[in-house]
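Hi,

Here is the structure for you to open up. My notes follow below it.

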Amino acid sequence: MPTQEAGKPYSTLALRSPEELMFGRVPKPVSCGYGLQLGAGAVYPELNFTLPTMLIEEESWSSIVNQYDELGEMIRRTAKRLHLPGLMIEFELLPPMTERPEWGAEITRVLDSHLKKAHEVDGLPCALRVTPTDIRDAIRPPLLRTGTEWETLRASFEACAEAGAHVLSIESVGGKELNDEAMMYGDVEGVMFALGVLAPRDMQFLWKEIVSICTAHGVVPGGDSACGFANTAMQLSSQGMLPEVFAAMVRGASAVRSLVAYECGAFGPSKDCAYEGPILKAITGAPIAMEGKSASCAHFSPVGNVAAAMCDLWSNESVQNVRLLSGPAPEAFLELLTYDCRLFNAALSTGSERIYQRMLVESDIHLSAQALVLSPESTIRIASAIVRERTHYRQTIAAASEALHVIRDAVRNKTLALAPKEHQWLDKIESALVALPAGEGGIMDSMIDRYGHLFTPSSYGL
Amino acid sequence: MKELQELAEQLINGYSDHVARLTQELLDKGATPQTILNEGLVAGMTVVGERMRSGEMYLPEVLQSASAMHASLKILKPHLVRDGVESRGKILMGTVKGDMHDIGKNLVGIMLEGAGYEIVDLGLNVQAQKFVEAIQTHKPAILGLSAMLTTTMLHMKTTIDAITQAGVRANVKILVGGAPVSQKFADEVGADAYARDAVKAVDKVKELLAA
Ligand code: B1M
């Protein structure tokens, strides 16, 4: 898959209008695993499951492998029962599985062998996404480019690629050490520095490495997620700690750091918890995974329907392997996702996709500023603002500002109501963005003064 | 006293400079440091806590109030030490071994600090032994443990067991929290209390210290 000029910020959109942004369709479909085509006219479930309450250690390891093995069996059984036309499985490594690369590789092999059978025996197009844990922040300030954690993370990617992963992804954390603090203080300048200066630098370093591992093993470099930034903001907002407009601003701005994976050669599908996915899709034309209402097993959100409006994979994020009345929770969620996907695909095959998409969008965007910035119209506005700028720093500020303009327009048109305190914050964030210096050089010194104790400049090549 | 009320109000508004000035003025007028602490600062922070609970204040505003309180405490501290006034209680906190989620734990620490408690934060990915040693060194009234993963929450039990084995369990009350944690789990691992969120954590600490 060709990328645009390697390592350079995107300057054009792959999809130019909201009408072109549709679930199940992209200009650059991706083939992966055992015959799975993404973005070529259908939406497939992406199932992710995790362990119930238990410790991961030598003594429990064989029972853990057994759990994944049984889940592999379940996947085949359920796929047949529900006439599933295609499936992505995500194996999100837990920290000890990354710290011991051979453990992550062993489970990758187990799951791959089940998917192989599902394809060869049952004819199921399917693929396995593997997501090692970004363990580089085990020490604070994190050492991102050197040291045992980085070496081990790299080894984990290698081992999983060798063991049969079809797509590799990560929820990387470069810049989060500063962003967490800045968000708590409502410091817009700090957030822009974390998302627009530090995070893109780490993404460049990390994704060059991931792409080279993928290329060497014939694996698809999927994409990253701004989970540690924008989903933390979403959770803070849902707990009443941050204004929703702040979380919506962070969501828009976070797309720029996630885009860097594509600048370095990733080509999708993006990670499910990357709710910035639609912006990535509009700019790169690559397929995206999304999650919403059917991921309420993992966390709550105000964007349950609108998140589905442009997805190519539809995920449950993560569910514990516990027993429900119907059966194992992962099986219940695979059934749920399958029915969700039948609706997407029936809408596509009957030519009703535009109506269905509108329903998904309209049902959420008048109730939440965070939902509003995820609509196809907002996506194109934010994506356009990003590609108009030439540096990651400028792009991040442009995305943040456009997210706020989208909200302000909706308030003006009376299609979104904001609480008075949210209004105050809208003004406050806008003024802070306007006051930022034109180039990143202008905030470097003050940021090092304010947050220098939290991050190591050399981790970012500074 | 009118000035104490004004101090509380300026603290709620998060004006550090005003709060520092008013603290000095009150001291100069002969108010005791303990009165300033309880009737000015703690009274103000109680309102801040209530406003946060009711959604009237967001975290950044709460943190501004907390900074204002620190500005005042900086002036008061030598006087409090001289008068032998003890802090409301020392709380040791940390995210358990293997877990790198810390923003929730940090928020709990901030809210407790705002309520006048002294916080010693051991950070994240903290081994059981380190908690034991910190209890022996810092002698906290309460230990707060946070965990966000189903595969790390059992380290709360490992930690509590290590504390028991070291013979210091009777010295601290233990509060636990984090997304996968519940009251039932807290009971099972032998904790003294569970709190769902940062605001509830303050209530629980008050209850534990009063018990
Ligand atoms: C002492 O007394 C107390 C009392 C109350 C206490 C307390 C202590 N501690 C907390 N509380 C309570 O009060 C706080 C304030 O009100 C609250 O704290 P919270 O932390 O709950 O709330 C915060 C204010 C906001 N909440 C958050 O920021 C967490 C949100 C979710 C989506 C989440 C995020 C954002 C992150 N994560 Co992670 N993450 C998830 C989370 C989903 C969920 N359901 O929570 C969860 C917990 N993560 C998960 C996973 C799998 C992972 N994460 C990982 C990484 C991350 C990010 C770094 C990307 C990011 C950072 C979070 C941060 N800044 O700390 C990895 C592990 C890292 C590690 N070694 O620990 C990784 C393994 C993913 C990977 N493969 O990379 C899942 C758990 C799965 C499991 N088996 O348990 C998960 C449920 C999401 C999912 N995938 O479904 C209360 O819990």
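Which element gives the most to the shell around the ligand? That is α7(A), with five residues (helices are DSSP runs of H or I, at least four residues, and strands are runs of E, at least two, numbered from the N terminus).

Before the rest, some housekeeping. This is a predicted model, where local features need pLDDT of at least 70 and side-chain atom pairs count only at pLDDT 80 or more, while totals for chains, interfaces and linings use all residues. Residues are numbered from 1 along each chain as its sequence is written, chains are lettered from A and ligands numbered from 1 in the order written, and side-chain values use heavy atoms, leaving out hydrogens and water.

**The ligand**

Residues from chains A and B surround the ligand, so the site is shared between chains (near means a heavy atom within 4 Å). Of the 46 residues around the ligand, those that come nearest include A:Gln239 and B:His101. A ligand nitrogen lies 2.9 Å from a side-chain N or O atom of A:Thr50, and a ligand oxygen is 3.3 Å from one in the side chain of B:Asp99.

**The interface**

27 residues of chain A are in contact with 27 of chain B (heavy atoms within 4.5 Å). The rule finds two salt bridges across the interface (a side-chain nitrogen of Lys or Arg within 4 Å of a carboxyl oxygen of Asp or Glu). B:Glu61 and A:Lys421 meet in a salt bridge at 3.0 Å, N to O. On the side of chain A that touches chain B, α5(A) supplies the largest share, four residues.

Cheers

How values were computed
A polar contact is a pair of N or O atoms within 3.5 Å; within protein, one must be able to donate a hydrogen and the other to accept it, and residues adjacent in sequence count only if both atoms are side-chain atoms.
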